[in-house]
Amino acid sequence: MISRKGMSRTDQTAEKTIPMRKRGGKNDDGKERYALQGASSLQDLRGDVENILLLLLLYTLQGVPMGLAASVPLLLQERGASYSQQSIFSLVSWPFSLKLLWAPIVDSCYDARVGRRRSWLIPAQLVCGVIMVFSSSAINFLIGADGKGSIAVSELTVCFFVLYLLMATQDIAVDGWALTILSRKNVGWASTCNSTGQTLGYILSFIIFMALNNKEFSNAYARRAMGYPPQEAGLITLGGFMAFWGWVFLATTLYVWLFKPEKSSAERIPASDDRGDYSLQNSGEGEQVEEEMGVKETYMAMWRVVKQPAVRRLGSVLLLSKVAFAAADAVTGLKLQEKGVKKETMALLGVAVTPIALFLPAAVSKYTSGPRPLAALMRVF
């Protein structure tokens, strides 16, 4: 039976942009407490280390299809794909931009026996893993790597669009779960896991894949280090790489299904419990229970959040900040490859910024918490 309850992911947009105060909560000095706590120090992670590692893994899995989708245009360009074909393939990233449209459904419709987040996370990852495993045998044909056919851009676009759609849905569920799976003092680590995990997944499936997919790099470094003779192909293929990560998706999903239960939304949580679900409200009996909202009410609540002046200002900043760089980001790599720069060389250029991309989120987390989490961003911008 599917119950239509809860609304925490939708409100999360506001929590990331404006300080959301916990309902009815006050400190000893009478001031309202902020619901969004900062990333705690390492000594405060007791009891949450396993959960943080799980979140890091789930966010890393999100980054894998993103990195593969960034690799495919370079592979297509190498095989003579036109810019019109490249533009068609670029549509695959739209689900992450439009996921707000179905986020209230993910928040409100779920099987209470499975859990609000796991009801969407498990099937999304399961289908994603199955697609990656079964499409791995045909992916080289679709990109024209077998030399027997033309590039099947439409089929490639559909395949990766579905992967992005599943990962966008998984992201909605994981973001919501992060607010309840971590204790309140450590909930600031959720955003760190998000940015670090997605970056790590992107690096593995773009930089590492492009390097090991090249025969010169594989022969000069990987095979020589392992004592293998040179070969006429790279160490890994796109199909083999997708199959490997497909099985990782399936194994992770099995672990979450069997060993990571989720508290029922109807289960009452003692007020002294340190779990950080910000959609909780006082029950009047010394306990806290999750708010129950249907799909319509959730969409209405989302609209109220969207109308907040702070949210509208943030949306304007995020939209306008990308306009100046959109064209350069989209075609620079393709133009460099057109002028003779090897695709693996362009991928390896990212190695220089890899340490920064991985460790900067953790380093600045103390500046992005508290009542003004966007102050550092606005100053830098």
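Visitor: Is glycine 144 buried or exposed?
Guide: Glycine 144 counts as buried, because its relative accessibility is 15%. Buried means under 20% relative accessible area, exposed means over 50%, and partly exposed is in between (1.4 Å probe, protein chains only).

Visitor: Where does glycine 144 lie?
Guide: Glycine 144 is in the loop between helix H6 (118–142) and H7. Helices (H or I, at least four residues) and strands (E, at least two) are DSSP runs, numbered from the N terminus. In space, the C-alpha of glycine 144 is 7.1 Å from that of arginine 79, though 65 residues separate the two in sequence.

Visitor: Before we go on, what kind of model is this?
Guide: It is a predicted model, in which local features need pLDDT of at least 70 and side-chain atom pairs count only at pLDDT 80 or more, while totals for chains, interfaces and linings use all residues. Residues are numbered from 1 along each chain as its sequence is written, and side-chain values use heavy atoms, with hydrogens and water left out.

Visitor: Good to know. Back to arginine 79: which side chain does it meet in a salt bridge?
Guide: Arginine 79 pairs with glutamate 78, at 3.2 Å from N to O. A salt bridge here is a side-chain nitrogen of Lys or Arg within 4 Å of a carboxyl oxygen of Asp or Glu. Arginine 79 is partly exposed, at 33% relative accessibility, and glutamate 78 is partly exposed as well, at 44%.

Visitor: How many salt bridges does the structure hold?
Guide: There are 6 salt bridges in the structure. One of them joins aspartate 171 to lysine 99, with the closest N and O atoms 2.1 Å apart. That pair links distant parts of the chain, 72 residues apart: aspartate 171 is in helix H7, and lysine 99 is in the loop between H4 and helix H5 (103–108).

Visitor: Are those two buried or exposed?
Guide: Both aspartate 171 and lysine 99 are buried. For another salt bridge, look at aspartate 111 and arginine 113, whose closest N and O atoms are 2.9 Å apart. Aspartate 111 is buried, with a relative accessible area of 14%, whereas arginine 113 is exposed, at 68%.

Visitor: Staying with aspartate 171 for a second, what about asparagine 194? Which residues is it in contact with?
Guide: Leaving aside neighbours within four places in sequence, asparagine 194 is in contact with Tyr59, Asp171 and Asp175. Contact means heavy atoms within 4.5 Å. Asparagine 194 sits in helix H8 (residues 189–213) and is buried, with a relative accessible area of 16%.

Visitor: Changing topic: which residues form the nonpolar patch on the surface?
Guide: The nonpolar patch is formed by Ile88, Leu91, Trp94, Leu98, Leu101, Phe161 and Leu165, which together have about 630 Å² of accessible area. Patches are made of residues with over 30% relative accessible area and no salt bridge; like charges are joined within 9 Å, and nonpolar side chains (Val, Leu, Ile, Met, Phe, Trp, Tyr) within 5 Å. Accessible areas come from the Shrake-Rupley method with a 1.4 Å probe, and for residues only the protein chains shown count as cover.

Visitor: Which helices each supply at least two residues of it?
Guide: Those are helix H4 (94–98) and helix H7 (153–181). Leucine 91 lies in the loop between helix H3 (83–89) and H4, and is partly exposed, with a relative accessible area of 36%.

Visitor: And which residues gather in the patch of positive charge?
Guide: Arg304, Lys307, Arg312 and Arg313 gather there, on the surface. Lys and Arg count as positive and Asp and Glu as negative, with His and the chain ends not counted; the place of a charge is taken as NZ of Lys, CZ of Arg, CG of Asp or CD of Glu. Arginine 313 belongs to helix H12 (residues 309–338) and is exposed, with a relative accessible area of 54%.

Visitor: Last one: what does methionine 346 touch?
Guide: Apart from neighbours within four places in sequence, methionine 346 is in contact with Leu74, Gly333, Leu336, Gln337 and Val341. Gln337 is also among the residues that glutamine 77 touches, not counting those up to four places away in sequence. Methionine 346 is in helix H13 (residues 343–348) and is buried, at 11% relative accessible area.
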